[in-house]
Amino acid sequence: MNAAAMDMPRFGKDATVEEVSEALRTAGCAVVERLMPEDSVDALMADMAPWIDATPNGADTFSGLLTKRTGALVARSRASWGFVAHPLVLGICESVLWPKKTSFQLHLTQLISIGPGSAGQPLHRDQWCFDSFPFPGDIDVEVSTIWAMQDFTAENGATRIIPGSHTESNDSLTHEHRVVQAEMPKGSVVLYTGRTIHGGGENRSDAVRTGLNIDYVLGWLRQEENQYLSVPPDVARTLPEEMQRLVGYAMGSYALGYVDDVRSPADYLAGSAGASSFGAGDVEFNRGALR
Ligand SMILES: [Fe+2]
């Protein structure tokens with residue numbers, strides 16, 4: 001077991017998919033500074049302000065008793081699309097997630113507003129949501145991102161992460177001495193995998209700390225945020241095709257996710273009859289599934 005403290009890999013906005021993906025494979029996490037311009041952050045926050053105001057605080061210590069979690073970003077904020085479909089992030093997901101995947105999709109979209117005085121979130125791994133299913137150790141099924149909606153500092157609750165913990169046992173959950181906070185300027189993003197131990201930071205400042213959490217998951221796993229209710233078909237029909245696919249209106253793999261008379265979700269949204277095929281025109285049959 002590697003119990004030595006490790007630094008958080010850091011990159012500038014010109015980082016390549018290969019560089020950041022390699023950091024995720026070796027350290028389980030990485031920061032890309034100032035990847036989105038500040039006016040894009042401001043536009044998203046303006047779209048979401050009324051929804052944040054209407055969001056109650058969490059009901060338990062994991063959700064955060066002084067923390068608001070505001071979702072359905074794709075339906076509520078056009079400005080969110082540039083974050084959700086950022087080409088660097090999507091390229092990293094394509095590279096890091098299990099290579100045999102037919103597709104990947106959004107897992108959740110959530111603005112996390114950590115109020116002043118909020119305690120730190122318990123350390124955890126995001127893929128525990130799958131009933132702690134014991135995926136083989138070298139498989140990543142999930143990539144998580146948190147974008148800084150304002151400067152993230154140690155004082156205001158920058159995300160706490162244990163670099164290198166993605167390949168380690170749960171003994172590492174107690175390794176507080178190895179925790180690194182993802183301090184980063186507004187518009188930056190921290191990425192980590194579903195296996196990486198992390199948690200929201202304690203907010204010791206006198207202001208709310210808001211992060212935009214967007215996670216991605218293999219197309220054959222259930223999404224944490226129910227995207228078909230957060231982004232119902234009448235809204236999905238108005239989205240660009242790439243956003244429709246990311247939300248989940250696509251075949252997850254061969255035969256997975258068809259509608260009524262074996263139509264693909266894309267044909268369903270378009271109101272066309274479709275091919276009545278389990279491949280539905282947009283997936284290849286995966287022979288590995290027969291083994
Ligand atoms: Fe988490």
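**View 1. Two domains make up the predicted model.** The domain assignment of the protein chain gives domain 1 (10-228) and domain 2 (233-290). This is a predicted model. Taken over C-alpha atoms, the centres of domain 1 and domain 2 are 27 Å apart.

**View 2. Domain 1 meets domain 2.** Here 15 residues of domain 1 are in contact with 14 residues of domain 2. Four elements each supply at least two residues of the side of domain 1 that touches domain 2: helix 3 (73-76), helix 4 (81-84), strand 4 (104-114) and helix 6 (227-230). What kinds of residue form this side of domain 1? The residues there are 8 nonpolar, 6 polar and 1 charged.

**View 3. The largest nonpolar core.** This core has 66 residues. Cys29, Ala30, Ile92, Val190 and Leu191 touch the most other members. Strand 4 gives the core its largest share, 6 residues. In soluble globular proteins, nonpolar side chains tend to be buried together.

**View 4. The surroundings of Cys29.** Cys29 is one of the core residues that touch the most other members. Leave aside its neighbours within four places in sequence. Cys29 is then in contact with Met8, Leu24, Ile161, Pro163, Val190, Leu191, Tyr192 and Thr196. Two of these contacts, Val190 and Leu191, are also named among the core residues that touch the most other members.

**View 5. Helix 5 and its buried face.** Helix 5 spans residues 87-96. Its buried residues are Leu88, Val89, Ile92, Cys93 and Val96. The spacing follows a general rule. An α-helix has 3.6 residues a turn, so residues three or four places apart point the same way.

View 6. Val20, Ser21, Ala23, Leu24 and Ala27 are buried in helix 1. They cover an arc of only 155° around the axis, which puts them on the same side of helix 1. These buried residues pack against strand 1 (10-11), strand 2, helix 5 and strand 8. Just after helix 1 comes Gly28, with a positive phi of about 80°.

**View 7. Strand 4 and its two partners.** Is strand 4 largely enclosed or exposed? Of its 11 residues, 11 are buried, so strand 4 is largely enclosed by the rest of the structure. Strand 3 (residues 67-71) pairs with strand 4 in the antiparallel sense over 5 bridges. Strand 10 pairs with strand 4 in the antiparallel sense too, over 10 bridges. Look for Ile112 in strand 4. Ile112 is the bridge partner of Arg69, and Ile112 also stands opposite Gly211 in strand 10.

Definitions and conventions: Residues are numbered from 1 along each chain as its sequence is written. This is a predicted model: local features need pLDDT of at least 70, side-chain atom pairs count only at pLDDT 80 or more; totals for chains, interfaces and linings use all residues. Domain bounds come from an automatic or database domain assignment. Two residues are in contact if their C-beta atoms, placed from the backbone, lie within 7 Å. Ala, Val, Leu, Ile, Met, Phe, Trp, Tyr, Cys and Pro count as nonpolar, Asp, Glu, Lys and Arg as charged, and the others, Gly among them, as polar. A nonpolar core is a set of buried Ala, Val, Leu, Ile, Met, Phe, Trp, Tyr and Cys residues joined through C-beta atoms within 7 Å. A residue is buried if 20 or more other C-beta atoms lie within 10 Å of its own, exposed if 12 or fewer, and partly exposed in between; C-beta atoms are placed from the backbone. The arc is that of the directions from the helix axis to the C-beta atoms. Two strands pair if DSSP finds at least two bridges between them.
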